[in-house]
Amino acid sequence: FRDQLYIRWNELGVLGRIYVADEGINAQLSVPTENLEAFKAHLESIDFLAGNRLNIAVEDDGKSFFKLAIKVRKKIVADGINDPEFDVTNIGTHLKAEAFNALTDRDDVVIVDFRNHYESEVGHFEKAILPDVVSFREQLPKVAEALKDQKDKPIVMYCTGGIRCEKASAYMKYKGFKEVYQLEGGIIHYANQVKEQGLKNKFHGKNFVFDERLGESISSEVIAHCHQCGALCDTHTNCANVACNLLFIQCPECKAKMQNCCSDECAHIAALPEEEQKAL
């Protein structure tokens, strides 16, 4: 199946990062505008992909992906769960933007951001719990434990495009939470609905994305700060020292001063000839 996708999508000029597994498919990709209808037609020709929702990026600067990578994985989202009793298909109730806004207005509702700390740092929904985690695998048990005394309250969760919540909502139900909801299509789909329907936007800041853009603005607010000088900033960068590659927030002034590096040590290493860097 992976090879069939690669052959056809390569013909259409598709670029992106796609994972396929027994449990499903997770595709983040870009398609030349002139081939979009042909791409949709190909999806519709595959019975289990027909009728699938496509999340269209909120912002497009033409620099999302530079190659096509389709990989076979055991799971499309690593969760660390090996219990055969866990039913990944027993998911929570999907909410469209209007219903999400209405439900999260209630005081008895618990809102959980099912993304990593570096994602929620630059943007998140009002009143959301923002777990300090670096992986989905770490987050699942941590959130369930933190909320174990609130199993009778409505739990509303969200993520970037809805993929992680498909599994997270099933996990929370598996852990005994009675009323579990998830934002359909995640932040991306929510932002598009808010714009199209003239709804209140309850998301503050930027939505982190896992491609070359590293983020798209959902509101005009900047809620994060440069990790080096503390100035208001929500632009992520990867440290130019390849051996470090730390993802952090860096303002334009610090970016110029530090040569895209997170520290003086990394700036020194990044300035060395490539062979010396490799040796180190």
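Modeller: Contact means heavy atoms within 4.5 Å. The model is a predicted one, in which local features need pLDDT of at least 70 and side-chain atom pairs count only at pLDDT 80 or more, while totals for chains, interfaces and linings use all residues. Residues are numbered from 1 along each chain as its sequence is written, and side-chain values use heavy atoms, with hydrogens and water left out.

Biologist: With which residues is glutamate 119 in contact, leaving aside its neighbours within four places in sequence?

Modeller: Apart from those neighbours, glutamate 119 touches Thr160, Arg164, Phe208 and Phe210. Glutamate 119 itself belongs to helix α4, residues 117-120; helices are DSSP runs of H or I with at least four residues, strands are runs of E with at least two, and both are numbered from the N terminus.

Biologist: Why is glutamate 119 called buried?

Modeller: Buried means under 20% relative accessible area, exposed means over 50%, and partly exposed lies in between, with a 1.4 Å probe and protein chains only. Glutamate 119 has a relative accessible area of 0%, so it counts as buried. Asparagine 245, by contrast, has 42% relative accessibility and therefore counts as partly exposed.

Biologist: What makes β1 and β2 a pair, and in which sense do they run?

Modeller: Two strands pair if DSSP finds at least two bridges between them. Strand β1 (residues 15-21) and strand β2 (residues 24-30) have seven bridges and are antiparallel, with leucine 15 standing opposite serine 30 in β2, and a hairpin of two residues joins β1 to β2. β1 also pairs with strand β3 (residues 68-72), in the parallel sense and over five bridges, where isoleucine 18 has isoleucine 70 in β3 as its bridge partner. Five of the seven residues of β1 are buried, which leaves the strand mostly covered.

Biologist: What makes β6 and β10 the edges of their sheet?

Modeller: The sheet is open, with three strands in the order β6-β9-β10 and antiparallel pairing. β6 and β10 each have a single partner strand, so one side of each is without a neighbour in the sheet. β6 and β9 are joined by three bridges, and histidine 124 has histidine 204 in β9 as its bridge partner. Helix α7 packs on this sheet, touching β6, β9 and β10, and its direction makes about 120° with that of β9.

Biologist: How do you know at what angle α5 and α6 cross?

Modeller: Axes are lines fitted to C-alpha atoms, for helices over the stretch in contact, and angles between N-to-C directions run from 0 to 180 degrees. On that basis the axes of helix α5 (residues 136-146) and helix α6 (residues 163-174) come within 10 Å and cross at roughly 35°. The residues that make the contact are Phe136, Leu140, Pro141, Val143 and Ala144 of α5, with Arg164, Lys167, Ala168, Tyr171 and Met172 of α6. By class, this contact has eight nonpolar, no polar and two charged residues, where Ala, Val, Leu, Ile, Met, Phe, Trp, Tyr, Cys and Pro count as nonpolar, Asp, Glu, Lys and Arg as charged, and the others, Gly among them, as polar.
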